[in-house]
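Morning, everyone. Please look at the screen.

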Amino acid sequence: MRDHVIETRDLVKVYQMGDTEVRALAGVSLVIGQGELVAIMGASGSGKSTLMNILGCLDRPTSGTYLLDGVDVSGLDRNARADVRNSKIGFVFQSFNLLARTSTLENVELPLLYSESTLQQRERHERARAAIARVGLDGREGHYPSQLSGGQQQRVAIARSLINDPAIILADEPTGNLDSVTSEEIMALFQELNDNGKTIILITHEHDIAQHAKRIVHVKDGRILSDERHEQVRVRGTR
Amino acid sequence: MNSSTLRLWNITKVGLKAISRNKMRSSLTMLGIVIGVACVIAMVAVGSGASKAIQANINALGSNFIMIFPGASTTGGARIFTGQSTLTADDASALKVECPAVRYVSAGVRTGGQIVAAELNWGTQIMGSDVEWPLIREWNLSQGEFFTEAEVKAGAKAVVLGQTVVDNLFPNGEAVGQIVRIKNVPFRVIGVLEQKGGNQMGQDQDDTAVVPYTTAMKRLMGTPRIGIIYVSAVAPDRVSEAMEQIDGVLRQRQRIPPGGDANFMMRSQEEIASSASQMSKTLSTLLGSVAAISLLVGGIGIMNIMLVSVTERTREIGVRMAIGAKGRHVLLQFLFEAIALSIAGGLIGVLLGAGVSKLIAKFAGWPVDVSMGSVLLAFGFSAAIGIFFGFYPARKASMLDPIDALRYE
Ligand SMILES: Nc1ncnc2c1ncn2[C@@H]1O[C@H](COP(=O)(O)OP(=O)(O)OP(=O)(O)O)[C@@H](O)[C@H]1O
Ligand SMILES: [Mg+2]
């Protein structure tokens with residue numbers, strides 16, 4: 001692994017809304033190294049999600065370059081970006097985004113369905129079980145999302161993001177739908193994963209949540225306002 | 001299995017799972033195809049059963065069989081009655097003498113009437129014929145005898161009854177020797193025609209009575225002209241030769257120059273058969289296309305449901321795309337779902353259609369003929385409908401933008 005997992009230069013994203021242009025990103029240069037835990041903060045409409053979509057290869061920047069794992073991905077087409085998302089990026093969303101009426105095991109396995117690997121069903125199950133155990137949900141493999149609490153659903157989503165052993169995990173307001181105790185638990189899980197070497201980027205509104213990161217990036221009007229490392233506040237083991 | 005077939009199989013399973021998750025909706029969606037396919041199978045079965053029956057009836061006329069109608073014109077191939085019949089009994093006898101390729105000839109007239117026995121009566125078709133008529137129709141008697149030449153010449157009041165008429169007038173079966181009245185004229189029953197059986201067209205051939213044509217013309221109809229001449233050629237391969245000779249003789253007798261419009265028209269069994277098959281083909285096409293339209297409607301039903309399903313599952317599509325599904329994976333998933341629905345519907349429809357055909361055969365007494373061809377056709381068509389109508393919604397799903405799809409409420 002090289003040092004820089006993410007390296008962007010002058011990312012600009014312009015949305016054309018009829019006659020008016022919305023500059024959601026106005027030149028973002030950001031370098032994130034292997035094993036970092038970064039919180040991105042900013043007011044509503046500041047461009048956090050837009051940045052996240054580009055970092056997650058869901059979208060392409062209007063201009064600027066983006067190197068992911070040392071590879072320029074800013075000009076990739078739809079299919080190539082799908083491959084990158086599948087193999088290098090794990091997504092965690094605010095609203096969990098699990099498939100309804102689908103078991104924990106199947107939800108976690110889902111990325112394997114679209115990957116280039118030639119895993120047989122048994123190996124897929126094994127890997128999914130391992131990921132489920134890693135987020136502390138052993139024994140819930142057969143549960144449907146409707147049978148799980150919000151925190152548990154978010155753990156399933158984190159297990160799903162881990163299954164292909166991605167270079168980064170991107171979490172857009174992962175605790176936005178959770179109460180404070182559950183939020184702490186999820187942050188503890190992120191810290192634990194980060195301790196084991198995972199690079200994690202999360203967007204949050206909440207200061208308390210951001211304090212659990214090692215580095216906080218403030219965004220305003222599509223630009224980076226501040227970018228500082230600080231002493232990480234550890235979550236007391238509540239799990 | 002290599003990676004791409006494995007993935008294909010897994011994506012197929014995703015499509016199938018979506019069907020089983022929504023059983024009620026899936027079965028309602030299938031219903032359109034089920035009914036469409038069942039319609040095609042049943043309609044084609046009825047159509048081809050009918051045409052087989054018609055062919056069988058016509059074949060039963062015998063391959064030597066020729067009919068000559070009076071008062072015909074060649075205008076546009078359509079037969080036009082000129083009011084007055086132009087054929088006489090003498091024309092019929094002349095054919096017998098002058099045409100070497102002709103074996104049997106019988107003049108004929110047809111009318112309808114009520115036949116009255118002691119206290120029962122029965123309305124039927126009354127046929128006036130000559131003595132050779134049973135030979136031409138290859139129709140034997142089960143009891144008694146047919147009338148003789150002498151009886152025809154004398155205009156004897158003798159009648160030969162079909163089995164249905166006997167059944168209705170003489171329930172005890174003792175018909176020969178009894179007296180019946182037709183239009184108030186007393187006739188003696190001298191014979192009974194063999195039962196033809198298998199009235200395939202719903203038309204009972206045994207519901208008939210045959211009298212000498214002379215008697216029929218004089219006593220029952222009051223006409224000096226005959227309505228038809230039945231002829232049989234000496235052999236099946238000499239039918240056209242016989243028709244040429246008949247044409248020549250009749251033209252000469254009617255003083256029509258060669259090439260001029262004839263005032264009579266001939267039909268051989270073969271010609272009747274081909275025009276009937278033309279007709280039944282039209283019937284089959286008509287029934288088939290009505291059924292095909294219902295299949296099409298079923299296909300539109302599938303498209304409708306798939307479109308709803310794509311909209312409903314926009315979030316799911318977004319999630320799948322975010323974690324690495326490509327457009328074609330999503331396309332295949334929804335396409336498989338549509339195809340599986342229509343093939344399952346097709347299978348059930350085939351069974352239902354075959355069942356309905358059997359019921360029609362049993363209760364309506366219609367001849368039906370479920371052919372392997374129509375089964376394959378309907379089945380293949382339903383699969384094609386799945387592909388055709390499933391493609392648009394599936395493509396729509398595959399073109400979604402993952403960000404928009406994820407944001408969809
Ligand atoms: N698809 C789009 N079309 C047009 N404008 C857009 C689009 N997506 C985002 N924007 C605009 O870009 C700007 C940044 O939006 P973005 O969603 O990145 O904000 P955010 O920081 O994530 O806000 P929040 O904290 O509310 O989620 C906003 O002004 C928004 O209106
Ligand atoms: Mg946002």
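W133(B), W139(B), F146(B) and F147(B) form one aromatic cluster. Rings of Phe, Tyr and Trp, the last by its six-membered ring, pair if their centres lie within 6.5 Å; planes under 30 degrees apart count as stacked, over 60 as edge-to-face and the rest as tilted.

Before going on: this is a predicted model, where local features need pLDDT of at least 70, side-chain atom pairs count only at pLDDT 80 or more, and totals for chains, interfaces and linings use all residues. Residues are numbered from 1 along each chain as its sequence is written, chains are lettered from A and ligands numbered from 1 in the order in which they are written, and side-chain values use heavy atoms, with hydrogens and water left out.

Back to the rings. The whole structure has six aromatic pairs over all chains. W133(B) and F146(B) are stacked, because their centres are 6.3 Å apart and their planes are at 20 degrees. F146(B) and F147(B) are tilted, with centres 4.2 Å apart and planes at 35 degrees. W133(B) is buried at 3% relative accessibility, and F146(B) is buried at 14%; buried means under 20% relative accessible area, exposed over 50%, partly exposed in between, with a 1.4 Å probe and protein chains only.

Now the ligand. Which chains surround ligand 1? Residues from chains A and B do, so the site is shared between chains. The shell residues divide into five nonpolar, seven polar and two charged; Ala, Val, Leu, Ile, Met, Phe, Trp, Tyr, Cys and Pro count as nonpolar, Asp, Glu, Lys and Arg as charged, and the others, Gly among them, as polar.

Note on methods: Near = heavy atom within 4 Å.
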